Structure formats: C-alpha cells, structure tokens
Amino acid sequence: MKRAYWHLILAGTTAIVVASLCVGAANVNLMDLMNALAHPTSDTVTHGIIWDVRLPRITAALTCGASLSLAGAVLQATFANPIVDSALVGISGFAACGAALGLVVAPLALLTTASVGGALIGASFATALLARSRHSGLRFTLFGIALGATASALLALIGSDTHRSNGRSLMSWLFGSLALTTWTSVATVAGSLVLGLLLLRGQGDLLDVGSFGTQSAEHLGIDVRRQRMRWLITVSVLAAPSVAMFGSIGFIGLAVPHIARMLGAVKHRVSLPATAILGAGVMTLADTVSRTLAGPMEIPLSITLALIGAPILFAVLRGMRSE
C-alpha cells in the first residue's frame, strides 16, 4: 500500500477523534479541549465532559472498531470468502446469546463478569462447531450462515422479554451502543484486542494462503484444520468482549477489510494493521454520528454503521469482476 494512503488513514482517524471530542450535547472548542487534555486533574466542567464522558467512549469506539474489523478480516481469509464476518457466521451471534443470558440472570454487581463470561462461552461454542466441521469452501460458508441464523433465532427468544431486572432494554443493547461505556469496559475490550494481536503475530503469510481456499493451503503443506482452529479462536477473542460490552454491532467487520483492500492493502501483513486503524476510525465516526445527529436521542450504532457501510459495500461489489 502506498505511503500516502497510510498518511491519509492516520490523519483521517486523528481528525475523527478530535472532532468527536469537540462535538456533542455541549460543544467544546479546540483550545478548551487541549487545556482539558493537558490538565487531567482539573475539576472544570469541560474536564468532566472530556475525561469522564467522551474520552472513555471514544477509546471504546477505537478498540471495539479495531477488534471487530480484524475479526472480519481473519474470517474472510478463514472462509476464503470476502462477504463473511463474525456476525454472519454465528460467532458474534452466539457471543450475544451468552452475554444476553448472563445479563438476564446476573445481579447488577456481576454484570460485566456475567456478560463477558457468557459471550466467551457462546463464541467458544460456535468456534468449536465451525472448527469441527468437515466442510470446505462454499459448504463451510453455508454451515457458518446456518449457525448465524440459529443464533439470531435464539436471540429473538431471549429478547422476547425486552427488559432486564437492571432496567436496561435488552433489545436496545442488541442493536449496539457505547452510551454506557466505562473505563472498565474499555480495559476489557482493549485487553482482548492486545491478546488478539498477539495471536495474529506471524500469521500474515498463512492468512494469504488461506484466503485462496482449502485446497491451495493443503497443497502447500499447511495443516488447514489446525490453522482454522487458531483463526477461529482469535476471532472469538477479538469479537466476544466487544459484543458483551457494547452489543451486537454488525457491518463493520464486513465492510472495513474491503476498504483496506481498495486502498491497496492486499497482503495480510499490510492489510491487518490498515484494517485495525480504519475500523477504529469508522467506529468512532459512526458513534459520533449516532449521538449527535438526532440528539438528545441516540441512533442505534448498528443502524448508523449500516447506513455508512452499505454504500461502501455496494461500491465494492460493483467494482468486483464477475467470477
């Protein structure tokens, strides 16, 4: 990928973060923003807006966007299919099922532990089913889609009682929101992102081969089942905590890897970091739009991401050559 594109991605993401810190129910000018950031122990109103409300939410958007985008990129290589992501093949869906069950039965004091634990159990269940599948190619993709449909049905059953004991709407959570972000939830998602990056270390060339399909990988002597298991575990680690903390957020894992490839990041050693940065920026932009466009009400994050991502995906599909 050209160096100019790297500069564009980094500058664009930085500009989105600064704009997101400045705009909201109470706008903050650039000078006051710099002053608040330079004095983290201040007790001014602007300090409270930046440090207690916007900064944790924006940090959550950055880490969640990077995690879900990376999960989508890895899954597209695992399935050798450019139109899959963790929501489509059931990993995010079963993570959401587990988190929703944890949130329904757990007292408020155990909310974070129950939701993350349930999400990891649900994602692990989907991962185990996918990894044990003997299918390959299109049949493997269809098997994943069937898992995703099953997860959606289970979520509908769980969501039939739309209000949990803690008074928060389960269905609202399922559409995705960063409104109740805390530094604890940020730390949880950031930790999963770091662990996911460690699992992806040295996997770029193998993901390149995997994206050409199972037969190509086997001809090169790669243990496909072992690599598939590693990649699916990595996706679960990346996606499950984000789903547990912020709900089932779709589309970003599908669209962002395509944007990275459109910018020339074809090999995974280049596309993975590009995807992470782009995903962080896109999620922050979507969250900023969600909380400001119809203020004081918030638009569900999945809806905003669909409105942003759908035109991008249409452009990608239009530019793809017929196979």
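How close do the axes of α3 and helix α12 (residues 252-262) come, and at what angle do they cross? In this predicted model, local features need pLDDT of at least 70 and side-chain atom pairs pLDDT 80 or more, while totals for chains, interfaces and linings use all residues. Residues are numbered from 1 along each chain as its sequence is written, and side-chain values use heavy atoms, without hydrogens and water.

The two axes come within 7 Å and cross at roughly 75 degrees; axes are lines fitted to C-alpha atoms over the stretch in contact, with angles from 0 to 180 degrees between N-to-C directions. That makes α3 roughly perpendicular to α12, a term for angles of 65 to 115 degrees. Helices are DSSP runs (H or I, at least four residues) numbered from the N terminus.

Contact means heavy atoms within 4.5 Å. Among the residues meeting here are Gly 65, Leu 68 and Gly 72 in α3, and Ile 252, Pro 257 and Arg 261 in α12.

Of the 11 residues of α12, 9 are buried, so the helix is largely enclosed by the rest of the structure. Buried means under 20% relative accessible area with a 1.4 Å probe, protein chains only. Just after α12, Gly 264 takes a positive phi of about 100 degrees.

The largest nonpolar core has 69 residues; such a core is a set of buried Ala, Val, Leu, Ile, Met, Phe, Trp, Tyr and Cys residues joined through side-chain atoms within 4.5 Å. Its largest share, 11 residues, comes from helix α3 (residues 45-78). Apart from this core lies another, of 10 residues, including Val 17 and Leu 55.

Terms used:
Buried means under 20% relative accessible area, exposed over 50%, partly exposed in between (1.4 Å probe, protein chains only). Helices (H or I, at least four residues) and strands (E, at least two) are DSSP runs, numbered from the N terminus. Angles under 35 degrees count as roughly parallel, over 145 as roughly antiparallel, 65 to 115 as roughly perpendicular and the rest as oblique.
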